[in-house]
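Hi,

Here is the structure I promised to pass on to you. Have a look at it first, and then read on for what I found.

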Amino acid sequence: MSFLDDLQWRGLIQDSTDLDELRRHLDAGPVTFYVGFDPTAASLHVGHLMQVLTARRLQLAGHRPLLLVGGATGQIGDPKEESERTLNPPEVVAGWVDRIRDQVAPFVTYEGDNAARLVNNLDWTGPMSVIDFLRDVGKHFPVNRMLSREVVRARLETGISFTEFSYQLLQANDYFELHRRYGCTLQFGGSDQWGNITAGVDYIRRRGGGPVHAFTTPLVTKADGSKFGKTEGGAVWLDPQMTSPYAFYQFWINADDRDVVRYLRYFSFRSQEEIAQLEQQTAQRPAARAAQRALAEELTTLVHGEQECRQAVAASQALFGRGRLEELSAGTLRTALAEAGLVEVRGQLPTAAALLKEAGLVSSMNEARRTIAEGGAYVNNERIADGDEPVPASALLHGRYLVLRRGKRTVAGVEVTP
């Protein structure tokens, strides 16, 4: 099976220029390719992972990555279907460029014959005058073609500024400049970028360059209709300060059985045989969540490192009685409890029944006492025998935390402050 066949098996190609030509191009030898990321926030999120990891796959297959962070295009913003974007100050965008460059850097290697290169489109867009832009770039773009782009058509009723309307010219020029400077002959991106990407292919042809190629990866969706990469707490970011490694791990652990095999194909570097085995295990023993655990551990290690992954796994097990809470660091424990639901208690600890109610695990003291009497309530994974006895201070983990659990899977945390 060729590299392109594997990408197709994984479902990673939605749109492309001529597939037979693309296959011959990839098979002919090392190809210089690029994928771009606009700094519209301080961090990339899991929705960007498909692009980051596809770049990694291409490099592992021997091809040369150009990872572009849009210091110029990030100041403009690709048009949204709903409304005009808010323009961020240039100094904010510059700061985000640095952060995102640091985030994508570990996924590729910068050594060897196919060493990766980080590029910023502000380097060639910034010095260009308005006259140069209109004469050298703009004259190659028929307005009727630009108006036919779906997102532009959607905005014609409500209005679209010339700023956002011109975005596709900037992105097309990026492909031209990377083709001219580095011999780049392949661009890929998300399926929502197909119009911008083909504009670049056509622009290079009009300027006498090429041939060049392109493909897009599909939009990732969830079986339940909710947006991929979103949780109740918001987006799942790659920055550990914005989404903790534990929360990142939990996002993948909680993947729906209907989605997890598709996610394995998209994001995992496991072989087709290994993924087939995990698919079979999911079908036969879904409660074991073997595919979710495999995916969560692989991606948490890739994004946050082996040590953080071990801590996330240990916390996930310990919170539900399958590991020792005492072995978790204070930071990991607090992060895990914050995800589960953490309440603050000041001063002396109340009774166990009162804590269950305070943490929201029960709705009343009567329900708390009934749950305890039935043997279904725990403090630090120890079954509560008497709900009317105060919890001793000696039970506090790291001198300030308690883990409360009702039944097997409902967990909350308590943080005691003076």
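Arg334 and Glu415 form a salt bridge, with their closest N and O atoms 3.0 Å apart. Please keep in mind that this is a predicted model. The pair links distant parts of the chain, since Arg334 belongs to helix 17 and Glu415 to strand 13, 81 residues apart. Arg334 counts as partly exposed because its relative accessible area is 36%, whereas Glu415 has 8% and is therefore buried. Salt bridges with shared partners also join Glu177, Arg180 and Arg181 into one network.

How many salt bridges are there by this rule? The count comes to 19. Among them is the one between Arg23 and Asp5, at 2.7 Å from N to O. Here helix 2 holds Arg23 and helix 1 holds Asp5, 18 residues apart. Asp6 forms another with Arg10, at 3.0 Å between the closest N and O atoms, and both of these residues are buried.

Strand 3 and strand 4 run parallel and are joined by 4 bridges; Leu67 stands opposite Leu118 in strand 4.

Val130 lies in helix 6 and counts as exposed because its relative accessibility is 62%.

Enjoy exploring!

Key: Residues are numbered from 1 along each chain as its sequence is written. This is a predicted model: local features need pLDDT of at least 70, side-chain atom pairs count only at pLDDT 80 or more; totals for chains, interfaces and linings use all residues. Side-chain values use heavy atoms; hydrogens and water are left out. Helices (H or I, at least four residues) and strands (E, at least two) are DSSP runs, numbered from the N terminus. Buried means under 20% relative accessible area, exposed over 50%, partly exposed in between (1.4 Å probe, protein chains only). Two strands pair if DSSP finds at least two bridges between them. A salt bridge is a side-chain nitrogen of Lys or Arg within 4 Å of a carboxyl oxygen of Asp or Glu.
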